[in-house]
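These are my notebook entries on a few things I looked up, one after another.

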Amino acid sequence: MTQPKSCHGKSTNGLALSLASSELGFNVHAGFLDALTNEAQVFPGHIGAASSGSYVGGLYAAGFSPVEIRGILSGKSMVRSFLECRAVLRCLGMLANIPGYNGLLSGHKVASYLRRFLGDRRIEECTTAELSIAVTNLTKGCSEIIKNGPLVEFIVASCSVPGLFKSREIEGNFYWDGAVSDSSPFYHFVEDDRINRILVHVITHGQPQFTEGRPIPVAQSFGQAHQIVTDRLLALAIECGKLRGKQVTVLNSVVPRYRWGKRGTADLLFEAGRQTVLGNLQVIREIVLSSQ
């Protein structure tokens with residue numbers, strides 16, 4: 001297991017950070033955390049994460065710096081861990097509706113790669129921040145916030161995109177992507193009396209332009225439908241926060257769509273996340289002052 005080299009400052013226990021789901025938004029979240037902890041000198045005491053945010057939040061809570069996280073999630077080994085030769089066979093199983101065949105990838109290679117850095121660490125053993133991971137429990141038919149359990153397994157489960165990844169079995173339950181039911185996990189912070197300010201980092205790719213009367217491709221159809229649900233749930237959670245006297249601040253990084261693994265892409269996305277913080281330093285400093 002690789003040991004993190006970084007040192008973190010004192011956490012602000014009254015401040016929680018939510019890293020929302022995003023289409024391969026690893027490096028944007030990492031860049032956001034880099035500027036937050038370096039230029040802004042803000043160290044959230046609590047982190048809630050879903051989907052791609054769970055990779056970054058999990059590694060950060062385990063003690064890795066944002067720069068280290070960028071290297072871990074951008075390397076060729078990480079990209080190769082998403083390639084599985086049995087995907088074609090699983091596709092046939094999905095078409096035949098065979099039980100257990102509900103995704104092209106098993107996720108085992110991704111989990112093995114993450115264990116090189118995280119070993120068998122558990123979520124409750126993270127010390128940089130108190131970590132919570134959003135997942136969708138298919139067995140119980142509900143959304144769950146996981147605060148205890150095997151870290152690597154729940155990171156992979158939280159980013160197991162339906163259809164792309166098989167549902168991940170953990171301790172007898174089958175899980176899918178946390179973004180299915182809770183793409184910006186922070187409602188549990190609203191009910192936590194230790195927390196009074198919540199910062200939410202979301203990543204979008206701009207408003208898609210659809211021509212009236214022109215058919216929409218299947219991928220964009222699912223993406224648009226999911227975004228509509230996500231925006232609605234986010235608005236409801238913010239309203240609940242206000243009713244409980246919690247101030248919720250949402251910062252949005254708008255980035256183009258890039259091919260994952262393309263040379264230079266990681267640096268561009270990392271800087272985009274940094275700029276979101278740098279452009280809102282005054283807002284963030286006010287949040288910290290009111291959280292102490």
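Predicted model: local features only at pLDDT ≥ 70, side-chain atom pairs only at ≥ 80, totals over all residues.

Entry one. I looked up Gln41 and found it in the loop that runs between helix H1 (26-37) and strand S2 (44-50). Is Gln41 buried or exposed? With a relative accessible area of 52%, Gln41 counts as exposed, because the term applies to values over 50%. I then looked up the spacing between Gln41 and Cys142, which are 101 residues apart along the chain, and noted that their C-alpha atoms are separated by 37 Å.

Entry two. I turned to Leu89, which has its place in helix H5 (residues 87-95). The relative accessible area of Leu89 is 57%, so this residue is exposed as well. I also noted that Leu89 forms a nonpolar patch on the surface with Leu92 and Leu95, and that the three together have about 360 Å² of accessible area.

Entry three. How many cavities of 30 Å³ or more are there? The count comes to one, and for the largest cavity I wrote down a volume of about 40 Å³. Which residues line the largest cavity? I listed His46, Glu130, Leu131, Ser132, Lys147, Phe189, Asp192, Arg194 and Ile195. When I sorted this lining by kind, I had three nonpolar, two polar and four charged residues. Strand S4 (residues 130-137) supplies the largest share of the lining, namely three residues.

Methods:
Residues numbered from 1 in each chain as written. Heavy atoms only, no water. 1 Å grid on protein atoms, 1.4 Å probe; cavity = no way out; pocket = protein on both sides within 12 Å on 5 of 7 lines; lining within 4 Å. Points joined across faces, edges and corners; volume = space filled by probe spheres on them. Helix = DSSP H or I, 4+ residues; strand = E, 2+ residues; numbered from the N terminus. Nonpolar A, V, L, I, M, F, W, Y, C, P; charged D, E, K, R; others polar. Patch = residues over 30% accessible without salt bridge, like charges linked within 9 Å, V, L, I, M, F, W, Y side chains within 5 Å. Areas by Shrake-Rupley, 256 points an atom, 1.4 Å probe, with all protein chains shown as cover. Salt bridge = Lys/Arg side-chain N within 4 Å of Asp/Glu carboxyl O. Buried < 20%, exposed > 50% of the residue type's maximum accessible area, 1.4 Å probe, protein only.
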